[in-house]
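Here are my notes on the model, as promised. Please read them with the structure open beside you.

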Amino acid sequence: MNTLIRVQGLVKRIFAILATILIVIIIAFLFHVMQVNKFNNLERKITADSVTMEVTADIHPRGLITDSWEKNDAFPNKIIYAKIYEATISNNSKCLLNEWSLRININEDCYINNSWNGVVEIHQFTDIERTQIIDLRNYNVDDIILNYYLAGQDLLIPLKSGDYIIYYPDPSPSSSEVPLKSTKDYSGQANIGIIMYSLTGDVNLTDFEMTYKLHKSYFADIKGKIYLVLLPAWILLMAVGGLIAWIILGFEGQLLVKNQMLDDTFNLCAIVADAKDYYHREHSKNVATYSRIIAEHMGMDKVDCDDIYYSALLHNIGNYSVPEKILGKATKLTDEERKIVQMHTVKGAYILETLSSFPHAAEAAMFHHEKYDGSGYPVGKKGEDIPLIARIIAVADAYDNMNREKVYRRKFTKEEIIEEFKAKSGTQFDPAIVEVFLSIIDEIEELYESEAN
């Protein structure tokens with residue numbers, strides 16, 4: 001056994017080293033994540049005069065034969081000329097181009113007629129500022145609040161110097177505008193179409209500002225690839241260490257180690273749960289012991305009894321969220337303080353809900369203060385709707401509380417405890433469990449006194 005204990009100690013030290021390595025990797029990776037998030041959340045801007053090649057924007061006439069025409073039915077004795085302009089957005093980075101928009105400042109009189117594929121936010125400055133986001137390919141004239149003209153089926157929205165438009169890209173996958181992908185060949189590109197009318201047929205759209213964010217994967221650069229290697233390497237080390245431990249210790253030794261680790265962990269959690277309240281030292285351990293005895297006398301098998309024991313050890317784990325000054329308060333709690341105390345059930349259940357080895361632990365934490373008549377908390381479950389494990393722990397929990405000296409009352413005698421359970425059987429407690437408990441109260445009393453001594 002001593003050899004086994006020494007080997008167990010060695011195995012624990014090895015796993016402690018591996019755990020330390022993992023913590024270092026995780027901390028370093030978290031700093032890496034913070035740096036990447038900072039990079040991804042940085043709002044960037046470019047103008048026509050920007051020299052960066054990371055992202056570029058260029059607005060120019062599209063230049064095809066059919067891309068310009070004249071219109072003589074819009075205004076009396078006035079011909080206006082149309083031209084299709086193309087805004088080319090190029091993503092030359094190795095990241096995704098996210099959340100971008102393009103503001104175009106208007107420096108001369110013109111009319112905007114159409115744009116694609118996204119929507120345009122138009123700002124007109126007349127006697128008041130008129131602003132509207134509009135899809136110029138799909139709109140209802142009655143909804144337009146801007147100044148506009150209709151020439152047949154053509155919508156003409158007048159713009160003058162000082163007005164501006166903001167283009168927001170189409171987020172649908174078919175548009176390929178956002179997120180704008182990049183490749184190792186730097187070929188990510190989106191083309192936007194805008195139809196403008198003017199008296200001359202030429203509108204200067206070179207006064208623009210593009211706002212955007214880049215999105216980099218956590219595993220994109222050299223640092224990211226290092227973490228991509230380190231994490232599997234650590235998992236491999238853990239697997240090798242586990243295999244060595246299994247070979248050295250054998251099945252029995254491994255079982256002893258696991259059981260001891262389980263007991264240590266759960267007892268530590270129970271100590272943490274009770275540590276804030278001086279008058280509840282060893283409370284969770286006592287409740288767990290009494291709950292297991294009750295379960296055994298109810299005919300449950302060993303697996304279920306162990307489940308109840310370990311779940312009961314953690315039933316008050318939510319006390320971490322309750323301030324010590326409230327838990328140890330000698331006078332009556334205020335309504336607000338009572339609400340804070342009652343939240344320990346929900347907080348405990350939240351912590352334990354992912355504990356797959358003991359699936360009923362979360363139920364024990366959540367519902368051990370429910371009452372059989374439905375007047376308990378946190379949700380007011382009633383009768384057998386309260387999980388069995390919670391009904392058992394409720395009896396054990398109440399017994400341990402009555403069997404303790406408190407600052408505001410003395411310890412109950414055995415006779416008073418019996419009378420209390422009989423009085424509250426069917427209201428606070430499950431009658432069947434109370435009956436089992438009262439049949440073994442002598443055994444539990446002896447156990448309590450022996451452990452106290």
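A word on burial before the points: a residue is called buried under 20% relative accessible area, exposed over 50%, and partly exposed in between (1.4 Å probe, protein chains only). The model is a predicted one, in which local features need pLDDT of at least 70 and side-chain atom pairs count only at pLDDT 80 or more, while totals for chains, interfaces and linings use all residues. Residues are numbered from 1 along each chain as its sequence is written, and side-chain values use heavy atoms, with hydrogens and water left out.

1. Ser176 and its loop. Ser176 is partly exposed, with a relative accessible area of 45%. Its phi is positive, about 60°, although Ser176 is not a glycine. The residue sits in the loop between S11 and S12. Helices (H or I, at least four residues) and strands (E, at least two) are DSSP runs, numbered from the N terminus.

2. Another positive phi. Asn77 is not a glycine either, yet has a positive phi of about 60°. You will find Asn77 in the loop between S3 and strand S4 (78–91). With a relative accessible area of 86%, Asn77 is exposed.

3. Trp116 and Asn117 are joined by a cis peptide bond, with omega about 15°. Asn117 belongs to the loop between strand S6 (110–116) and strand S7 (119–125).

4. How many salt bridges does a search of the whole structure find? The search gives 16, where a salt bridge is a side-chain nitrogen of Lys or Arg within 4 Å of a carboxyl oxygen of Asp or Glu. One of them brings together the side chains of Lys71 and Asp154, at 2.8 Å from N to O. This pair links distant parts of the chain, with Lys71 in strand S3 (residues 68–75) and Asp154 in strand S10 (residues 154–159), 83 residues apart. Lys71 is buried at 9% relative accessible area, whereas Asp154 is partly exposed at 25%. Asp73 joins Lys71 and Asp154 in a network of salt bridges.

5. Salt bridges within helices. In helix H6 (residues 335–352), Arg338 and Asp335 lie 3 residues apart, about one turn of the helix. Their side chains meet in a salt bridge of 3.0 Å, N to O. Asp335 counts as exposed at 57% relative accessibility, and Arg338 as partly exposed at 31%. In helix H9, Lys424 and Glu420 are 4 residues apart and so separated by about one helical turn. Their salt bridge has its closest N and O atoms 2.7 Å apart. Lys424 is partly exposed, with a relative accessible area of 30%, and so is Glu420, with 23%. An α-helix has 3.6 residues a turn, so residues three or four places apart point the same way.

6. Helix H8 and what follows. Why can H8 be called largely enclosed by the rest of the structure? Because 14 of its 15 residues are buried. Asn403 is found in the loop between H8 and helix H9 (414–424), and is buried, with a relative accessible area of 3%. From Asn403 to Glu416 there are 13 residues in sequence and 10.0 Å in space, C-alpha to C-alpha.

7. A nonpolar surface patch. Ile23, Ile27, Phe31 and Met34 form a nonpolar patch on the surface, with about 430 Å² of accessible area together. Patches are made of residues with over 30% relative accessible area and no salt bridge, with nonpolar side chains (Val, Leu, Ile, Met, Phe, Trp, Tyr) joined within 5 Å and like charges within 9 Å. Accessible areas come from the Shrake-Rupley method with a 1.4 Å probe; for residues, only the protein chains shown count as cover. Met34 has its place in helix H1 (residues 2–41) and counts as exposed at 55% relative accessibility.
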